[in-house]
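Hi everyone, thanks for coming. Let's take a few minutes to look at one structure together and find our way around it.

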Amino acid sequence: MKWKGKRQSSNIEDRRGQSGSGRGIGGLNPMLLGPLFRLLFSKTGLIIVGLFLVFSFITGNNPLSLLSNFVGGGGGSQTQSAVPYEGTREEKELADFSATILASTEDVWNGLLDNYREPTLVLFTGSVASACGSASSATGPFYCPGDEKLYLDLSFFDDMARKLNAPGDFAQAYVIAHEVGHHIQKIMGITDKVHNLRGQLSEKEYNRYSVRLELQADFLAGVWAHHSQQTARMMERGDLEEALNAAFAIGDDRLQKQSTGRVVPDSFTHGTSEQRIRWFKKGFETGDLEQGDTFNANPL
């Protein structure tokens with residue numbers, strides 16, 4: 001891909017080198033609870049609590065937040081290192097690449113959708129906390145509709161090449177564009193409709209909707225590639241094959257066969273290799289959002 005020198009997105013939240021931590025009561029860090037309780041049950045503490053309650057009544061502030069700050073800091077969900085994270089030269093290049101691809105998706109979707117809300121890409125190492133809960137690198141890249149952010153541990157790209165046999169920069173771009181596709185679904189209200197079915201259907205039935213949701217995100221990644229190539233001309237010979245190979249590598253049937261030696265279609269949540277390739281190609285070849293209704297497609 002000819003991506004170097006292109007615009008990079010500013011919607012990047014770099015949490016690399018940070019470690020996730022849980023939240024305590026009312027958002028308080030658990031480490032603060034001991035000192036807080038000792039303070040509360042002292043004579044001086046009762047006076048201070050009374051002052052805090054009066055102040056919070058006047059200002060409308062949460063008294064728990066005021067008390068936690070008094071004891072020694074709020075309860076964030078991420079512990080930040082005082083030393084700025086410094087990755088390898090290769091990792092820096094991957095971070096720059098990811099920011100460039102995200103910028104390309106912004107250019108495309110701002111042109112295709114009215115009032116497009118640009119998502120944030122969170123880079124992390126090891127584990128991360130999101131509005132959808134905590135996750136480790138083993139989860140792989142994911143989109144959280146609760147905070148409209150994409151989460152990516154850059155080491156996944158190395159795993160793609162070594163463990164999935166899906167190398168190449170356009171394969172990596174496909175992964176980012178797929179997660180942005182989930183953001184498009186959130187904006188369009190599709191994600192909420194599918195998630196609301198979870199308690200109404202059996203696991204087998206819900207999996208079928210999950211597959212259609214994922215295949216539509218593949219289609220939307222193809223739509224991005226179509227329009228990006230028309231305007232930015234980043235693709236080179238062999239790039240399309242890299243994306244198709246990546247789609248093939250992460251098909252449910254192939255992953256199940258690779259890990260367990262057998263295929264269980266009723267447990268599919270992302271679609272077969274053939275389906276993922278076909279829907280990405282359809283998006284890439286047409287560039288037409290109207291062609292991506294996977295929910296009414298028959299056969300899928």
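Here is something to start with: which residues point one way from strand β4, and which the other way? Keep in mind as we look that this is a predicted model.

Strand β4 covers residues 120–123. Thr120 and Val122 point one way, while Leu121 and Leu123 point the other way. Buried or exposed, these four residues? All of them are buried. As a bit of background, side chains in a regular strand alternate between the two faces of the sheet.

Now let's see who sits beside β4. With strand β1, residues 12–14, β4 pairs in the parallel sense over three bridges. With strand β8, residues 149–152, β4 also runs parallel, and four bridges join the two.

We can follow Leu123 across both pairings. In β1, the residue opposite Leu123 is Asp14. In β8, Leu123 stands opposite Leu152. At Thr120, the bridge partner in β8 is Lys149.

Let's step back to the whole sheet. The sheet is open and has four strands, in the order β1-β4-β8-β7, with mixed pairing. Why is one side of β1 and of β7 left without a neighbour in the sheet? Because β1 and β7, the latter being residues 142–144, stand at the edges, and each has a single partner strand. From one strand to the next, the twist averages 25°.

Conventions: Residues numbered from 1 in each chain as written. Predicted model: local features only at pLDDT ≥ 70, side-chain atom pairs only at ≥ 80, totals over all residues. Heavy atoms only, no water. Buried < 20%, exposed > 50% of the residue type's maximum accessible area, 1.4 Å probe, protein only. Pairing = 2+ DSSP bridges. Axes fitted to C-alpha atoms, helices over the stretch in contact; angles between N-to-C directions.
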